[in-house]
Amino acid sequence: MNAISRNAKEKLYFNIFRACGALVVLTLVVIMAYMLMGSLPVLSLDFLTEPPRGANTLGGIVTPLVGTICLMGIVFAFAIPIGVLSAVYLSEYQGKGWGARFWHIVVSNLAGVPSIVYGLLGLALFVTFAGLGRSLIASGLTLAILSLPIVISAAREAIQAIPSSLREASMALGATKWQTIWHHVLPYALPGILTGIILALSRAAGETAPILLTGAAFYMSSMPDSIFSQFMALPYHIYAVATQTMAGMNGSPVVYGAAIALLMLVIGMNLVAIIVRKRFREKYRW
Amino acid sequence: MSSIEVKHLNVWFDGKQALREVNMTIPEKGITAIIGPSGCGKSTFIRSINRMNDIIPSCRVEGRIMVDGKDLYGPEVDVTQVRKRIGMVFQRPNPFPKSIYENIAYAPRIHGTKDRKKLNEIVERSLRRAALWDEVKDRLDRSAYDLSGGQQQRLCIARALAICPEIVLFDEPCSALDPIATAKIEDLLVELKDEYTVVIVTHNMQQAARVADQTAFFYLGELIEFGDTAQLFERPENELTENYITGRMG
Amino acid sequence: MKYIDKIGWLNRTQGQSKGRFFDGASHTVLFTITLISASVLVAVAAFLILGSLQAFNVIGPVEMLFGDTWRPTSFHNPAFGMLPLMAGTFLVSFLASIIAIPIGLGCTIYLAEIAHPRIRAFLKPAIELLAGIPSVVYGLFAMLILQGWVAQLFGLQHGYVALNGGLILAVMMVPIMVSLAEDAISAVPLELREASYALGATRWETMRSVVLPAAMSGILAAIILSIMRAVGETMAVLMAFNQTPLPTLDPFSGVQTMTATIAIEMGEAAVGGLHYSALFAVGVMLFMITLVMNTVANRIMLRYSEAYR
């Protein structure tokens, strides 16, 4: 008697939880579906290869797409080496005392700072103080700083997952610490580091607020010709078209198309990250 | 002249003393077993011989360990050279997640042997020496993780032998292995003792009795008794030793 | 066999000098690089505070923090009271939280305890993807589609109201909360559950009285971190409703968040002017809020990671 009501209660609760799970998947499906449907009229390869026309309300998205790729390139060149090497230092050279705790706090706090605040930093530090002006390099460096904590914590996690017995094996053969890191720690941590890098780049590709303050332009007739010129970028393009053109406010296919392109870029990178992680988790089973 | 003279060795972890005033001379060639209950400092002792304790930041070592009349802890000493001449095999097999070939070739390579032909020779010689060659010669490029536990441990022995050490340390090499694999490793140890000074830590007294020429008994961080294996097991001089080998303590 | 000269074989000068050199150099280089990345946090704080000094000096910290009017561009009578902006941020984050926390909790429990492994294998990447969608896309969705639904549902002329922002922020919070909270639940040792089952408890009873309490601090930290995301979000908020700096907590009104203020007004503020400096002051506030929330979450997390190790 009592047992029946207990089981009924359990069933009720479980169905509520199941509904929550379904709801989350549903939002993903709904958002993707609306973006796809809205973009159907412009969905073609031409859309990717043509520059925007008619005050951004016609044509394609090649200019902002290239701008975004340039930004990712700058992030890659600055954030990845600094981030990965910092992670190596923090996990291989820094002990486990209060110093390690301090670094952990620094990195986790940096990861929590809102992206618009990074935008302010970029504006004050790169645009104004360093005199780079509103430019590709100012925005790229801002995004690099924003990506740094992501790269560091991902790389750190990957490095710390390597069993210390392998480090000992290498040291016991007379390898120096650096040789051990170079020949063993980094190669074995590579998949995890790679996953972190991809996720950091995809995050940088999708950020709007920091570049809005540091150099993204509403319209450019040509590709950026140097790292000191202003640029169009995909996420800012979406925002600008949606909020500053009549066509965009009414849901023009152009804006949906740009959103789908950005989604494909970001989701594609996320999928690659998931696959890399899965593939290599099977290779190194310790 | 690869005897190991240990003089007034004291080791601390985090300020807690793990070894106290150890004095002993491990003779050249032959097998020396270190026995004692867990926590008695036997692993700490063997790890101070090739200075593996240096890796642990909180560890402090005092005293001298002389090999060839040189103090391993002397100011002019290069740790990597110490470890090159004193090989080590660990409790659990720890091959690198690389091919069998690369596992063996790694150490000669970092110590300067780049010539492929020479490396091939070293790999074959080391694998033969570790009695593994016949089992793996057709699959040197396969991952070391495909080998069984016992094979992995022999691979680790071959890896240590590849740089021609004079002393080889074994830190409970059979604790993760089944009896058959253990027997193979023990046979191998006996074969190696003509050429190398072998020091083995073991929690298994039968193993010490089977393979060792000398045996040392450690208790609570101190060396209690050190002598000929047969004598130590049959006529121990110290009461603690007797209690331990007769099974009256942990 | 013993081909190496015995005398001085252990010495540093022999062989290996390259490896030794790299070993020494690597430490220095890596330490320097790490210092560079650490200086970022210092730089963020320093440049924000430097930028905001003028505003705090001229306007005064009390007026800035508690003034109820934000009218920075008025020529005759500019006012820089942050209260309306903080109210805006609080309102949309609060709305988002009361929607996202229950749903996120339910989804977490489903994912961690109930879902079949096959469903899990599909649900987990889906949640990761949701967390990876750029905020500008959420903003676009809120602006073009969600807004219409909100207007219809509540009989409004248009849906560009705080509630619309709260809804889209809720959608963005859930995936972050779920992935963090799920880790906390998975960390509860199996033995605890088995002990409960062995006493005849049902799965739900075990979850409610054993697993969830044990994972509570981790779940709490997850909730705080996801709220932090809502507080710091710019684009979705910017696009979801009309930005009007009113000191109101009415979900059907337009408000203006701290983040959105910086984004829309920075373009028109003259570099070095009072407005420019006031916007940096808003940034300082945002920075402090997230610092505090992060510290609290870290403290809580530390406690639970120590409990099971």
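Reader: Which are the buried residues of helix 7 (residues 164-172) of chain A?

Author: This is a predicted model, where local features need pLDDT of at least 70 and side-chain atom pairs count only at pLDDT 80 or more, while totals for chains, interfaces and linings use all residues. Residues are numbered from 1 along each chain as its sequence is written, and chains are lettered from A and ligands numbered from 1 in the order in which they are written. A residue is buried if 20 or more other C-beta atoms, placed from the backbone, lie within 10 Å of its own, exposed if 12 or fewer, and partly exposed in between; helices (H or I, at least four residues) and strands (E, at least two) are DSSP runs, numbered from the N terminus. By that count, the buried residues of helix 7 of chain A are A169(A), S170(A), M171(A) and A172(A).

Reader: What covers the buried residues of helix 7 of chain A?

Author: The cover involves contacts, and two residues are in contact if their C-beta atoms, placed from the backbone, lie within 7 Å. The cover includes helix 8 (177-206) of chain A, together with two elements of chain B: helix 2 (79-85) and strand 6 (86-89).

Reader: How many residues of chain A are in contact with chain C?

Author: On the side of chain C that touches chain A, helix 1 (residues 17-59) of chain C gives the most, with 20 residues. That side divides into 48 nonpolar residues (Ala, Val, Leu, Ile, Met, Phe, Trp, Tyr, Cys and Pro), 4 charged (Asp, Glu, Lys and Arg) and 17 polar (the others, Gly among them). In chain C 69 residues take part, and in chain A the number is 69.

Reader: How many residues does domain 2 of chain A give to the contact with domain 1 of chain A?

Author: Chain A is divided into domain 1 (2-42) and domain 2 (47-283), with bounds from an automatic or database domain assignment. Taken over C-alpha atoms, the centres of these two domains are separated by 32 Å. Domain 1 of chain A gives 6 residues to the contact, and domain 2 of chain A gives 9.

Reader: Why is chain C more spread out than a compact globule?

Author: Chain C has 11 helices and 2 strands. The radius of gyration is taken over C-alpha atoms, and the globule rule is 2.2 Å times the number of residues to the power 0.38. Chain C is more spread out than a compact globule because, for 309 residues, the rule gives 19 Å, well under its radius of gyration of 26 Å.

Reader: What percentage of the residues of chain A count as buried?

Author: Chain A has 12 helices and 2 strands, and its C-alpha trace spans about 75 × 70 × 35 Å along its principal axes. In chain C, buried residues make up 48% of 309. Of the 286 residues of chain A, the part that counts as buried is 54%.

Reader: In what order do the 4 strands of the open sheet in chain B stand?

Author: Two strands pair if DSSP finds at least two bridges between them. Strand 1 (residues 4-13) of chain B is joined to strand 2 (residues 16-26) by 7 bridges and to strand 4 (residues 59-67) by 8 bridges. The edge strands, each pairing on one side only, are strand 2 and strand 5 (70-71) of chain B. With antiparallel pairing, the order is 2-1-4-5.

Reader: Which residue in the turn between strand 1 and strand 2 of chain B has a positive phi?

Author: Strand 1 and strand 2 of chain B form a hairpin with 2 residues between them. The residue with a positive phi, about 50°, is D14(B).
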